[in-house]
Amino acid sequence: MRVRDSGMPPLAHWESVVPARRLLEAFDFSGRGTASEFGCGYGTFTQLLAEQFDRVQAMDMDPSMVTATRRRVQPRENVEVHCLDFLAEDFPVQSGTVDVVLLFHILHLKEPLDLLGRAKTLLRPGGLIACLHWHPDRETPRGPKAAWRPTLERYRAWSKELGLGAPREVPLDDCEHHLAVTYQPTAVDAGTR
């Protein structure tokens, strides 16, 4: 498997250490129409995204996580949840149509450039890639090995390789265990990666 599994804890524990609403507020997604979320897990962020976006496409490779997210977002009609290998399978959303792609707690996988490149193809002009992960330089209440977590230096290197535009660190004053970065490519090239 190309995704390094850090093991999802029970739902109650996960949500006790991930302040989802505060994290999303820090990104300030106001005025955005369509979101694609890679690795939706329990739907912790998905349910909140459904309040902010006209349309949400949530994806996960784990069927049990997809089931949990589907239960959580019912009966919302603006959310679709898909079980698929988003590193290999076709996306359920057309390239060039997404305002925000969310890569939360997922860039510790073995091929982060592949995922970032695929995410970039989904963006419409002016679209945003939002990245969130456990902070790589401090103790956190959970998360994968520190060596697997993206650092600001890695985000900068990925930006140069994929033409993502300079990464912008998102201030997380109330969420010290996380590091958040956004990319806003100036030109979206569907042929990239």
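Arginine 168 has threonine 182, in β7, as its bridge partner. That pair belongs to a predicted model. The protein holds 6 helices and 7 strands.

- Strands β6 and β7 are antiparallel to each other and pair over 2 bridges.
- Strand β7 covers residues 178–183.
- Seven strands make up an open sheet, in the order β3-β2-β1-β4-β5-β7-β6.
- Pairing within this sheet is mixed.
- The edges are β3 (79–83) and β6 (168–169), and each of these strands pairs on one side only.

**Helix α6 on the sheet**
- Helix α6 spans residues 152–162.
- It lies across three strands: β5 (123–134), β6 and β7.
- Relative to β7, helix α6 runs at about 15°.

**Where α5 meets α6**
- Helix α5 takes in residues 112–122, and its axis comes within 11 Å of the axis of α6.
- The two axes cross at roughly 55°.
- Angles of 65 to 115 degrees count as roughly perpendicular and those under 35 as roughly parallel, so α5 is oblique to α6.
- The crossing of α5 past α6 is right-handed.
- From α5, the contact is made by Pro112, Leu113, Leu116, Gly117 and Lys120.
- From α6, Trp158, Glu161 and Leu162 take part.
- By type, the residues of this contact are 5 nonpolar, 1 polar and 2 charged.

**Overall layout**
- Starting at the N terminus, the elements follow the pattern α-α-β-α-β-α-β-β-α-β-α-β-β.
- The radius of gyration is 15 Å, close to the 16 Å that the globule rule gives for 193 residues, so the protein is as compact as a globular protein of that length.
- The C-alpha trace spans about 40 × 40 × 35 Å along its principal axes.

**Two backbone details in loops**
- Most peptide bonds are trans, and most residues other than glycine have a negative phi.
- The bond from glutamine 74 to proline 75 is cis, with omega near 0°.
- Proline 75 sits in the loop between α4 (63–73) and β3, and β3 is one of the edge strands.
- Aspartate 28 has a positive phi, near 55°, although this residue is not glycine.
- The loop that holds aspartate 28 runs between α2 (20–27) and β1 (34–38).

Definitions and conventions
Residues are numbered from 1 along each chain as its sequence is written. This is a predicted model: local features need pLDDT of at least 70, side-chain atom pairs count only at pLDDT 80 or more; totals for chains, interfaces and linings use all residues. Side-chain values use heavy atoms; hydrogens and water are left out. Two strands pair if DSSP finds at least two bridges between them. Helices (H or I, at least four residues) and strands (E, at least two) are DSSP runs, numbered from the N terminus. Contact means heavy atoms within 4.5 Å. Axes are lines fitted to C-alpha atoms, for helices over the stretch in contact, and angles run from 0 to 180 degrees between N-to-C directions. Angles under 35 degrees count as roughly parallel, over 145 as roughly antiparallel, 65 to 115 as roughly perpendicular and the rest as oblique. A crossing is left-handed if the near helix is turned anticlockwise from the far one by less than a right angle, and right-handed if clockwise. Ala, Val, Leu, Ile, Met, Phe, Trp, Tyr, Cys and Pro count as nonpolar, Asp, Glu, Lys and Arg as charged, and the others, Gly among them, as polar. The radius of gyration is taken over C-alpha atoms; the globule rule is 2.2 Å times the number of residues to the power 0.38.
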